[in-house]
Amino acid sequence: MIQQIKRAYNFNAGPSALPLSVLEQAQKELVDFQGTGMSVMELSHRSAAYDKVHNEAITLIKELLNIPEDYHVLFLQGGASTQFAMVPMNFLPAGKKAGYVITGSWSEKAQKEAKLIGDTYEAASTKDTNYNRIPSIEELSIEKDSAYLHITSNNTIFGTQWSEFPDTGDIPLIADMSSDILSHSFDASKFALIYAGAQKNLGPSGVTVAILRPDVLEQASDNVPTMLRYDTHSKNNSLYNTPPTFGIYMLGLVMKWAKQQGGLAALEKMNRDKAGVIYEAIDGSQGFYKGHAEPDSRSLMNITFTLQNKELEQKFLGEAKNAGFVGLNGHRSVGGCRASAYNAVPYETCKALAEFMRNFQKNNG
Ligand SMILES: *Cc1c(COP(=O)(O)O)cnc(C)c1O
């Protein structure tokens, strides 16, 4: 008899669920990777076996996200949080200002780092309504001659997501896509730089992906320490120093899985269906559950909601925990509940949550 593996209903916000088939593949290859007699962790990062892993992962990212051929795909460390500093260090020269669209805690943090380096301005902010929406393109005030415009494509904590990106002309558009990269189709050629910590949709924590248009690299400051320069990594195919090899291997397996699912369009459809069943449970509850985000700003990745009062929320979270649901507590800065339904969270897990929500309402409404 095949033993059934017990997998949690995992709604963790990050690190988060990975596809079961990816974990099983990694398990199978763990002690002897493709006849090398070593795990991937034990290979030299200069070996042919590792080189193949590394380059395959890059090729698959480019293919899946439909990234223009000449763009660089880099594997960095330090998380998206280090990108908050690396972006202005490289691209915010004295005498210029960088625009930030403030749509949540992560955009606030990005701007805070940039202020340590140079001048910034707020191109828009939705703080006055507790970040429950994405500003419309018309609301953005982008100053002429900005060094760049920075946005956060999905606001992990508040549960809002951009559905349409601004055209910034000659001003480089930079996006933190940590929590929705690879979840839906978008036009990568609009962006000068995209970065993402891997631990939501791409793989395990420890790898950060940066995708750069080559012409912005030429404008980068010369006065930046070697490891914090994008061109150090682009010139060395992310092998200037030892990269996070095991994380990159895992990321490559996730890319293969994503391709098997049918690529970006198929993943987007799955994500719409998954978020859809949970939003349905919220919208059909006649106010028992209240979504935090305005409907047209809703995230497909992070579904945020509250109940009528704190006691009921605690009861909901307690019973959900007992029923096997993991990670439903809202972020400590906003409270309430949050279900993170990243790519690897199966539809059945989302459906189970929607059913649990309806039953809880029946028993407590
Ligand atoms: C998780 C997250 C971050 C922080 O990522 P680290 O890799 O932990 O530094 C930044 N931005 C967004 C949008 C996130 O979701």
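Colleague: How many cavities of 30 Å³ or more does the structure hold?

Modeller: The model is predicted. Rolling a probe the size of a water molecule over the atoms shows where empty space is left. With a threshold of 30 Å³ or more, the number of cavities in the structure is one.

Colleague: What is the volume of the largest cavity?

Modeller: Its lining includes Ser-16, Pro-19, Val-254 and Asn-343. By class, the lining residues are six nonpolar, five polar and one charged. The volume of the largest cavity is about 70 Å³.

Colleague: Which helix gives the largest share of the shell around the ligand?

Modeller: The ligand is surrounded by 13 residues, with Ser-81, Thr-156, Asp-176, Gln-199 and Lys-200 the closest. By class, the shell has three nonpolar, eight polar and two charged residues. The largest share, four residues, is supplied by residues 79–91, that is, helix α3.

Colleague: What percentage of the area that the ligand exposes when taken alone does the protein bury?

Modeller: Consider the polar contacts, for which the cut-off is 3.5 Å. A backbone N or O atom of Ala-80 lies 3.1 Å from a ligand oxygen atom, and a polar side-chain atom of Ser-81 lies 2.6 Å from a ligand oxygen atom. For Lys-200, an N or O atom in the side chain is 2.7 Å from an oxygen atom of the ligand. Taken alone the ligand exposes 390 Å², and the share of that area buried by the protein is 87%.

How values were computed:
Residues are numbered from 1 along each chain as its sequence is written. This is a predicted model: local features need pLDDT of at least 70, side-chain atom pairs count only at pLDDT 80 or more; totals for chains, interfaces and linings use all residues. Side-chain values use heavy atoms; hydrogens and water are left out. On a 1 Å grid over the protein atoms alone, a cavity is a set of points where a 1.4 Å probe fits but cannot get out, and a pocket is an open set with protein on both sides within 12 Å along at least five of seven lines; lining residues have an atom within 4 Å of a point. Grid points are joined across faces, edges and corners, and a volume is the space filled by probe spheres set on the points. Ala, Val, Leu, Ile, Met, Phe, Trp, Tyr, Cys and Pro count as nonpolar, Asp, Glu, Lys and Arg as charged, and the others, Gly among them, as polar. A residue is near a molecule or strand if one of its heavy atoms lies within 4 Å of it. A polar contact is a pair of N or O atoms within 3.5 Å; within protein, one must be able to donate a hydrogen and the other to accept it, and residues adjacent in sequence count only if both atoms are side-chain atoms. Accessible areas come from the Shrake-Rupley method with a 1.4 Å probe; for residues, only the protein chains shown count as cover. Helices (H or I, at least four residues) and strands (E, at least two) are DSSP runs, numbered from the N terminus.
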